[in-house]
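Biologist: Please put up the sequence and the model. I have some questions to go through.

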Amino acid sequence: MKFSIKKSVLLASLLPAACFFFSSPQASAQRISKINGETLNHLCSTPKQFPICDAYLSGVADSEVWAAKYDEKVTRQAVPEAFCVPPAQSLGQMRGLVSAWLKAHPETGKAPAGKAVYLALHGSYPCQGAAAEKPETEAQKAQ
């Protein structure tokens, strides 16, 4: 069965969400990718590798959104987000900012790629105002 690049990118970006939803909440030891920040930055700087980079960035960004939503559901409290990527931001723009951030912070080169990207997204897309600190809804206050 042949997969197109688009299908591969889609599957790669959905994988973190699938792992999140089907993993045990009690898990303490987690698998961490062997890819480091330097390798990921190379992928994000090489045009032929953009689909792999974009899938990785999408997975990390989506994981933050869904983890915050899950935490809010479980705790019934507003949960601050680590970064806030605007909905209109393209993957190309996101890739460019993350790559520039990683180049400006070479100390993240040996860190796991997930940590490096998380720091880069946090540094490139800080949450401000209402997006950073969501007020509790009336339903959340009542519970």
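Biologist: How many aromatic pairs does the structure hold?
Modeller: This is a predicted model, so local features need pLDDT of at least 70, side-chain atom pairs count only at pLDDT 80 or more, and totals for chains, interfaces and linings use all residues. Residues are numbered from 1 along each chain as its sequence is written, and side-chain values use heavy atoms, with hydrogens and water left out. Rings of Phe, Tyr and Trp (its six-membered ring) pair if their centres lie within 6.5 Å. On that rule, the number of aromatic pairs in the structure is one.

Biologist: What is the geometry of the rings of F83 and Y118?
Modeller: Planes under 30 degrees apart count as stacked, over 60 as edge-to-face and the rest as tilted. The ring centres of F83 and Y118 are 5.3 Å apart. Their planes stand at 80°, so the pair is edge-to-face.

Biologist: How many residues apart are F83 and Y118, given that the pair links distant parts of the chain?
Modeller: Helices here are DSSP runs (H or I, at least four residues), and strands are E runs of at least two, numbered from the N terminus. F83 sits in the loop between helix 3 and helix 4, while Y118 is in helix 5. The two are 35 residues apart.

Biologist: Is F83 buried or exposed?
Modeller: Buried means under 20% relative accessible area, exposed over 50%, partly exposed in between (1.4 Å probe, protein chains only). The relative accessible area of F83 is 5%. F83, at 5%, is buried.

Biologist: Which residues have the most contacts inside the largest nonpolar core?
Modeller: A nonpolar core is a set of buried Ala, Val, Leu, Ile, Met, Phe, Trp, Tyr and Cys residues joined through side-chain atoms within 4.5 Å. The largest one has 19 residues. Inside this core, the residues with the most contacts are F83 and L121.

Biologist: Which helix gives the most to this core?
Modeller: Helix 2 (37-45), helix 3, helix 4 (91-104) and helix 5 (113-124) each supply at least two of the core residues. The top contribution is five residues, and it comes from helix 5.

Biologist: Which residues is F83 in contact with, leaving aside its neighbours within four places in sequence?
Modeller: Contact means heavy atoms within 4.5 Å. F83 meets Y118, its ring partner.

Biologist: What is the volume of the second largest pocket?
Modeller: The search uses a 1 Å grid over the protein atoms alone; a pocket is an open set of points where a 1.4 Å probe fits, with protein on both sides within 12 Å along at least five of seven lines. Grid points are joined across faces, edges and corners, and a volume is the space filled by probe spheres set on the points. For the second largest pocket it is about 160 Å³.

Biologist: Which element gives the largest share of the lining of the second largest pocket?
Modeller: Lining residues have an atom within 4 Å of a point. Here they are S58, A61, D62, V85, P86, P87, Q89, S90, L91 and M94. Helix 3 and helix 4 are the elements that give two or more of them. The largest share, three residues, comes from helix 3.

Biologist: Is R95 buried or exposed?
Modeller: R95 is found in helix 4. Leaving aside neighbours within four places in sequence, it is in contact with C44, F50, C53, D54 and L57. With a relative accessible area of 12%, R95 is buried.

Biologist: What is the phi of R76?
Modeller: R76 lies in the loop between helix 3 and helix 4. It is partly exposed, with a relative accessible area of 46%. Although R76 is not a glycine, its phi is positive, at about 60°.

Biologist: What separates the C-alpha atoms of L97 and Y125?
Modeller: L97 is in helix 4 and touches Q89, S124 and Y125, not counting residues up to four places away in sequence. L97 and Y125 are 28 residues apart along the chain. Their C-alpha separation is 9.1 Å.
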